[in-house]
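Subject: Structure handover

Hello,

Here is the structure for you to look through. Please open it first, then read the notes below.

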Amino acid sequence: MNTTAAPAADDAQRRPADNSAAAIVHASTLPAPLADLVLAVTAACRLWNTERAEVARELCAHFLDGIDAGASPADLASTFGDPRRAARLITAARKRLRPLWWRTSRAALRAAAWFLLACAVTYALLCARFFLVSPNVTRNIAGELNAQVTRSPVAERAWPLYIQAKKEFGAIPEFMSDADGGDPSGPGEKNWDLMVAWLDAHAPALATLREAAARPVLGCTYSAGMDPDYGKALEVSNPTYTFDPSVEPQSENPLVVGILLPHLGEMRRDARWLRSDAALAASRKDSARFLADIEALLGIATHAMQEQFQISKRVGIVIADLAVDTVLKHAASPGLLSRADLRALAHSIAAFGGGGRIPIDLSPELLFIDDILQRFFSDNGRGDGHFIGGPAMDRLYDDFGVARPRGFPLLKAVQPIQSAIMPSRAQIMDKARLFVAAAAVDDSLSPWRHDQRTSDRAYADLMNSGIATAVPFLASLVSIDGHPATSVFASRDLFLARRDAALALLAAASSRLATGQWPAALSDVVPSYLPALPIDPFDGQPLRYLPPTPGRDLPLIYSVGADQADNGAAAPATERGRSAVHDLYLLKKFRAALPLSPDELEQLDTARGDWILWPPLPRAGPTS
């Protein structure tokens, strides 16, 4: 029996795999100190196993060559140096020999790691810049506006009387609560008899409205909470409502865009009741009541126009247009108004808004922007700063009933970055001033140059500066339809056209009472009844007038309309066309040199025709 076989087998079992660094060292017959040194170096190398094996092979060969040259193992080990330092040098050298794909991937990973680290550091710095600064609210804009209100004597303020009238009207019946403007305007129309009975029963409330409209100032103070007196009036008009002052927000310095303007809605409703009452007065040939209602409508419109808010001016124009519409419908009714009445009515209408063109000043819109900047931007003391958001802005979603966008926490997380890339406080205010300046230029343009107005672009530039992103609901609050300037200019210009048509009608009606017949031309009543010929808003020429003919008892007052073509008082055939014919925005499309889409061409086709200002046309046929 071979007695050496078993130990040899045990030794073979203890040997590592032949391709490992340990196997190579074991097979090299190096003395123990050098073998241990090679194993320590290869173990410290941060290399692949195959690379470690190659390093072990090279080190073993190096030490064996030294021994063959007569050096002792101890000398070789001492001259080798620090094993860890050697391992680092060997690792670096070996990695430089690795394939290009590995070196490229390693460089990319390193770059990504450094980039992520840089991002983390930058984000931390931006968070510090964002969260470690507080706003500096120095202006109380609501207080400034209220100071102007409270300077007027209480006896001159109309708002308390509007509230009193609301209580006197009480609950509004269903047939009078439809706000689509479809109230009956004469006997025989739907709900006329019901409306007459309701108006007669509420004559005291109508008298209170007229008294309110005659006062010199509106006198409504501004707050983010509901006026307690108005809240109690709501309980009277709506029995299911209970006013709870404890749930109303209380702030001495509310956000301007959070100010409640309930009086605008109330005045629009009040204007409807007065318009209906004027129609009733016209049917009864009650000139005094008719004139009083028109005066009250113009008074309510004046109250709205006194306010600095753009929406208030729009409401004022709408209410004044109700007065003009009522005049166009009823003022020429036989037996209603005398020549003195017609003259007095013309003077009242012509004097509305100060007379003339009624300028629209949008500089008060800067109040909204300035207030947001002072609340949600930092203040460096020199009129500049950066966006800092804050909990107050988060609460605005709840205060205004606006749903938080999807991914709201993520949007909050990126606000520090957003703050860094947004324009500064001063830059945004500069854009706001540019918008106001552009609006002032647009206001000076004649209506027929509506397509040359540019303030919408300046407004879009302001909103795109980042302020609308920072305060997402700002655009919907400041601008109703995306055209904050040109929209109110268009409303004003079209109202002036209807006002001038009403003045032309009153002049022609006065001439008829004096001579027994309608004038042959509007020029015949200038300057005896009309200071000057009214201007067509679509081409700058005098409004068109056609005298009566054997087949038509009444004259016609009309505009050439958006197509700027005189069609001889031929209106569009459809209701859609009659609605679009006085759309100033169509001027650009009619003049456009670029191809239009099929839908745009169809819109233009329906709007080809004249805008008949008087007498009112009956409803057209199909809408398409």
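**The largest cavity**

Helix 9 and helix 13 each give at least two residues to the lining of the largest cavity. Helices (H or I, at least four residues) and strands (E, at least two) are DSSP runs, numbered from the N terminus. A cavity is a set of points, on a 1 Å grid over the protein atoms alone, where a 1.4 Å probe fits but cannot get out; lining residues have an atom within 4 Å of a point. Helix 13 contributes the most to this lining, with four residues.

Which residues line the largest cavity? They are K166, F169, G170, I172, E266, R269, D270 and W273. Three of the lining residues are nonpolar, one is polar and four are charged. Here Ala, Val, Leu, Ile, Met, Phe, Trp, Tyr, Cys and Pro count as nonpolar; Asp, Glu, Lys and Arg count as charged; the others, Gly among them, count as polar.

The volume of the largest cavity is about 60 Å³. A volume is the space filled by probe spheres set on the grid points, which are joined across faces, edges and corners. The structure has two cavities of 30 Å³ or more.

**How to read the model**

This is a predicted model: local features need pLDDT of at least 70, side-chain atom pairs count only at pLDDT 80 or more, and totals for chains, interfaces and linings use all residues. Residues are numbered from 1 along each chain as its sequence is written, and side-chain values use heavy atoms, with hydrogens and water left out.

**Overall shape**

The protein has 27 helices and three strands. Its radius of gyration is 42 Å, well over the 25 Å that the globule rule gives for 624 residues, so the protein is more spread out than a compact globule. That radius is taken over C-alpha atoms, and the rule is 2.2 Å times the number of residues to the power 0.38. Along the principal axes, the C-alpha atoms fill a box of roughly 150 × 60 × 55 Å.

Of the 624 residues, 45% are buried. Buried means under 20% relative accessible area, exposed over 50%, and partly exposed in between (1.4 Å probe, protein chains only).

Take helix 14 (residues 287-306) as one case. Of its 20 residues, 14 are buried. The expected span is 1.5 Å times one less than the number of residues.

**Salt bridges**

How many salt bridges does the structure hold? There are 33. A salt bridge is a side-chain nitrogen of Lys or Arg within 4 Å of a carboxyl oxygen of Asp or Glu.

- D183 pairs with R272, with the closest N and O atoms 2.7 Å apart. D183 sits in the loop between helix 9 (159-169) and helix 10 (192-201), and R272 in helix 13 (residues 262-283), 89 residues apart. D183 is buried at 11% relative accessible area, and R272 is buried at 8%.
- D443 pairs with R492, with the closest N and O atoms 2.9 Å apart. D443 lies in helix 21 (residues 425-444) and R492 in helix 24 (residues 486-515), so the pair ties together parts that are 49 residues apart in sequence. D443 is buried at 10%, and R492 at 0%.
- D493 and R453 meet at 3.0 Å, N to O. D493 is in helix 24 and R453 in the loop between helix 21 and helix 22 (455-470), 40 residues apart. Both are buried.

Salt bridges that share partners also join D200, R210, D277, R284, R289 and D293 into one network.

Best wishes

Key. On a 1 Å grid over the protein atoms alone, a cavity is a set of points where a 1.4 Å probe fits but cannot get out, and a pocket is an open set with protein on both sides within 12 Å along at least five of seven lines; lining residues have an atom within 4 Å of a point.
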